[in-house]
Amino acid sequence: MKILIIHGQSHEGSTCMVARELAKKVGGTVQEFFLPRDFAKSCMGCFTCFQTDLCNCPHYKELEPLEKAILDADLLILESPVYVYHATGQMMSFLDHFGTWWVVHRPMPEMSGKQAVAISTAAGGGMKSTVKDMTDSLEMWGIHKVYGLGVGVQATCPSEIPDGIMKKIHRKTDKLAHQIQKNADSRGYNARAKKWFYLMRLAHKHFPPAQPDYGYWDERGWHEKNRPWKRV
């Protein structure tokens, strides 16, 4: 299995540790990127990607290696520690660049064969909202199986994590790794993405075509019987 980990920070702390532990248990080749070290650009809100294509983004030269890695991966792991009850600014800025991948715009058929995990840790709370920051994009990209893993570690670094919590982390990563391995050969869009696909398809039929999204769907036959999660 090809595993890609995108770290929402450049230091190797508790969240990084959990992500790597999960990847090791799933098994396969692992590629890692650290934000902002490997991508430090903030979305400019220029609408170039929406009006044309992502490859015309002013930051595409720096973004392209991460885009290729995402498309090549079988399992995508996004991880972020809790920063003021949300994912790091670096992670959110990175995800901002992929707005056109959302199913309501230009769905990516490649996502139907992938799985993804959003991981967050904190000394206290905020893991749920931080995980949601990442799963919103993962689900709306159409990724088949999306999992969330949040842990309150009661520590500021891995060496300080209490033994009882470390055992809890090991149990959770064991269980999640088993689920990922079990679903390795499954395919399809997740339920949330499918719902929005059909809502947008209905909108395309009743409102004036918004280009280039409408043409993208039409070329692929999605206004007819084809679907992005089905092999043509």
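**Labels and their cut-offs**

This is a predicted model, in which local features need pLDDT of at least 70 and side-chain atom pairs count only at pLDDT 80 or more, while totals for chains, interfaces and linings use all residues. Residues are numbered from 1 along each chain as its sequence is written, and side-chain values use heavy atoms, with hydrogens and water left out.

Q: Why is the pair of Phe47 and Phe50 called tilted?
A: Rings of Phe, Tyr and Trp (its six-membered ring) pair if their centres lie within 6.5 Å, and planes under 30 degrees apart count as stacked, over 60 as edge-to-face and the rest as tilted. By this rule the count comes to 14 aromatic pairs. The ring centres of Phe47 and Phe50 are 5.8 Å apart and their planes stand at 50°, so this pair is tilted.

Q: Why does Phe47 count as exposed, and what is Phe50 called?
A: Buried means under 20% relative accessible area, exposed over 50%, and partly exposed in between (1.4 Å probe, protein chains only). Phe47 has 51% relative accessibility and therefore counts as exposed, whereas Phe50, with a relative accessible area of 26%, is partly exposed.

Q: What makes the pair of Tyr189 and Trp229 tilted, and which parts of the chain does the pair link?
A: Their ring centres are 5.4 Å apart and the planes are at 45°, so the pair is tilted. Helices (H or I, at least four residues) and strands (E, at least two) are DSSP runs, numbered from the N terminus. The pair links distant parts of the chain, since Tyr189 is in the loop between helix H6 (163-182) and helix H7 (191-206) and Trp229 is in the segment after helix H8 (213-219), 40 residues apart.

Q: Are Tyr189 and Trp229 buried or exposed?
A: Tyr189 is at 5% relative accessibility and so counts as buried, and Trp229, with a relative accessible area of 7%, is buried as well. Both residues belong to one aromatic cluster, whose members also include Phe197, Tyr198, Tyr216, Trp217 and Trp222.

Q: What is the basis for saying that the charged end of Arg220 sits over the ring of Tyr216?
A: A charge sits over a ring if NZ of Lys or CZ of Arg is within 6 Å of the ring centre and within 35 degrees of the ring normal. The charged end of Arg220 sits over the ring of Tyr216, 3.6 Å from its centre.

Q: Why are H4 and H5 called roughly parallel?
A: Angles under 35 degrees count as roughly parallel, over 145 as roughly antiparallel, 65 to 115 as roughly perpendicular and the rest as oblique. Helix H4 (residues 89-96) and helix H5 (residues 127-140) pack at an angle of about 15°, with their axes 11 Å apart, and H4 and H5 are therefore roughly parallel to each other.

Q: Which residues make the contact between H4 and H5?
A: Met91, Met92 and Leu95 of H4 meet Asp133, Met134 and Ser137 of H5, where contact means heavy atoms within 4.5 Å.

Q: Why does Gln154 count as exposed?
A: Gln154 is at 58% relative accessibility and therefore counts as exposed. This residue has a positive phi of about 55° although it is not a glycine.

Note on methods. Axes fitted to C-alpha atoms, helices over the stretch in contact; angles between N-to-C directions.
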